[in-house]
Amino acid sequence: MSTTVSHESQREQQDGALGYPEGGPRAWGVVFGSCCVSFSVFGIINTSAVFESYFTEHQLKGESPSRLAWIFSVYLFLIYFIGLLVGPVFDHHGHRILILTASILAVVSPFILSFCSEYYQIFLTFAVLSGMGGSLMSTPSIAAVGHWFCKRRGLAVGIATSAGGIGGIIFPLMLRVTLDRYGFAWSMRILGFILLLLGLPPNLLIRTRLPRSEKFTSVWPDISVFLDSKFALCCCGIFFMEYGVLIPLTYIVSYASTRGHNATQAYVLPALLNAGSVVGRVIPGLVSDRLGRFNTMIITVGGCAVAVLALWLPNGNSEPMLISFAIILGFVSGGNVSLTPVCIGQLCDSRDYGRYLSGAMLVAGFGTLTGIPIGGAILGNQSSKEWLGLILFSSLSYVVSVCCFIAARVLAVGWSLRVVY
């Protein structure tokens with residue numbers, strides 16, 4: 001254990017030598033640019049329940065839940081998987097080409113989607129094209145924040161990622177209005193114009209400041225990072241956390257509809273979940289700078305398991321309880337989102353942040369690739385028994401996740417609850 005603590009002290013000395021600004025116009029400009037990326041990329045992810053419900057009732061009516069789920073799981077998987085290459089490229093060559101290319105793909109994809117009506121067309125446009133765009137900008141935008149903040153990184157990343165929750169509020173409510181009034185095609189074009197505006201600040205404001213790392217000389221991925229047991233356990237926790245959160249995020253609208261709630265109420269649930277997530281991404285990030293990043297992550301992941309078991313499992317037919325569940329889960333799962341990159345940053349040199357972050361996101365990508373289809377397979381014909389199995393799958397995933405984060409923390413600093421880590 002003394003060797004582990006020594007390594008942690010050495011890393012802290014390295015961070016101190018790099019001299020982080022911890023604020024100022026340029027630093028907060030990077031955070032704002034990252035907010036715009038989060039708004040567009042994760043705002044779309046947090047709107048997946050609306051797309052899933054709409055496709056089920058219109059273009060892809062008659063498709064099985066499992067087949068439909070592949071659209072959203074591949075979208076998320078590509079965001080994380082391609083990031084395995086994006087992270088090292090960012091560490092060596094910076095962000096500009098990556099974010100510019102990503103912005104173009106993000107804007108073009110909804111315009112193409114407006115003409116799509118077949119499964120393969122929607123799959124290639126929504127899952128592949130949008131997923132590639134999201135992957136090229138998500139990792140650099142978060143990793144760049146790590147170049148400007150260290151002691152206040154939890155707060156800075158929390159603010160940056162909170163915009164994804166805001167997008168998850170605005171996009172579902174916007175689509176609810178535009179889909180009824182203008183139809184699918186023009187709804188996607190309106191979305192495309194919004195993404196065009198959101199693409200400008202990241203290209204103008206995001207910048208890096210740290211020199212290249214001497215530890216890694218190649219832009220190709222290096223699997224040796226997974227030999228660190230703390231990092232490997234942290235990645236396992238992220239993997240099962242993805243299993244846990246994607247179930248309610250993807251299926252909560254369909255669940256409410258099958259329980260007799262009207263369409264308007266059902267479409268509001270993702271907005272409520274994301275409203276809770278906005279606050280949940282900032283406050284746990286702020287708390288983590290004082291209480292410890294892993295300590296706070298363990299609390300928020302455990303809170304997700306409690307929310308699913310105590311609110312969704314026994315009371316899903318009650319509208320007030322379903323609303324309460326959406327808000328509370330949004331809050332605690334929002335902490336998961338903002339603390340994930342901060343916990344990864346706790347385990348590595350900031351000059352290698354992109355490489356480690358993209359490695360962790362690759363593991364998360366396999367969680368998203370398999371989690372939603374597994375959920376769709378469990379759901380089957382949406383009977384009461386199958387919904388019960390889906391909810392239990394989500395809760396069990398959270399329990400396994402929190403155990404992994406506890407194990408990573410114990411390996412780093414031991415069992416003492418007084419250690420801020």
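Is Lys 230 buried, partly exposed or exposed? Let's start there, because at 13% relative accessibility Lys 230 counts as buried. Buried here means under 20% relative accessible area, exposed means over 50%, and partly exposed is in between, with a 1.4 Å probe and protein chains only.

Hello everyone, and a quick word on what you are looking at. This is a predicted model, in which local features need pLDDT of at least 70 and side-chain atom pairs count only at pLDDT 80 or more, while totals for chains, interfaces and linings use all residues. Residues are numbered from 1 along each chain as its sequence is written, and side-chain values use heavy atoms, leaving out hydrogens and water.

Back to Lys 230, then. Its side chain meets that of Asp 228 in a salt bridge, at 3.4 Å from N to O. For salt bridges, the rule is a side-chain nitrogen of Lys or Arg within 4 Å of a carboxyl oxygen of Asp or Glu. In general, side chains of opposite charge can pair when their charged atoms come close. Asp 228 is partly exposed, with a relative accessible area of 23%.

How many salt bridges does the rule give? The count comes to four. Another of them joins Glu 63 to Arg 67, with the closest N and O atoms 2.6 Å apart. Both partners are partly exposed: Glu 63 has a relative accessible area of 28%, and Arg 67 is at 38%.

Then there is Asp 180 with Arg 176, where the closest N and O atoms are 3.9 Å apart. These two sit four residues apart in helix 8 (residues 153-181), so about one helical turn separates them. Helices here are DSSP runs of H or I, at least four residues long, and they are numbered from the N terminus. As a reminder, an α-helix has 3.6 residues a turn, so residues three or four places apart point the same way. Asp 180 counts as exposed at 57% relative accessibility, whereas Arg 176 is partly exposed at 24%.

Let's move on to helix packing. Two packed helices are described by the angle between their axes and the distance between the axes. The axes of helix 13 (residues 293-315) and helix 14 (residues 319-345) come within 9 Å and cross at roughly 155°. That makes helix 13 roughly antiparallel to helix 14. The axes are lines fitted to C-alpha atoms, for helices over the stretch in contact, with angles running from 0 to 180 degrees between N-to-C directions. Under 35 degrees counts as roughly parallel, over 145 as roughly antiparallel, 65 to 115 as roughly perpendicular, and the rest as oblique.

Helix 14 has another partner to show you. The axes of helix 11 (residues 229-258) and helix 14 come within 11 Å and cross at roughly 150°. Helix 11 is therefore roughly antiparallel to helix 14.

Now for helix 3 (residues 48-57). Eight of its ten residues are buried, so helix 3 is largely enclosed by the rest of the structure. Among the buried ones are Phe 51, Glu 52, Tyr 54 and Phe 55.

What about the surface? Val 279, Ile 283, Val 287, Leu 291, Ile 299 and Phe 331 form a nonpolar patch there, with about 470 Å² of accessible area together. Patches take residues with over 30% relative accessible area and no salt bridge, joining like charges within 9 Å and nonpolar side chains (Val, Leu, Ile, Met, Phe, Trp, Tyr) within 5 Å. The areas come from the Shrake-Rupley method with a 1.4 Å probe, and for residues only the protein chains shown count as cover. Helix 12 (residues 263-291) supplies the largest share of the patch, four residues.

I'll finish with Glu 22, in the loop between helix 1 (2-18) and helix 2 (25-45). Most residues other than glycine have a negative phi. Glu 22 has a positive phi of about 60°, although it is not a glycine. At 16% relative accessibility, Glu 22 counts as buried. Its C-alpha atom is separated by 6.8 Å from that of Cys 150, 128 residues apart along the chain.
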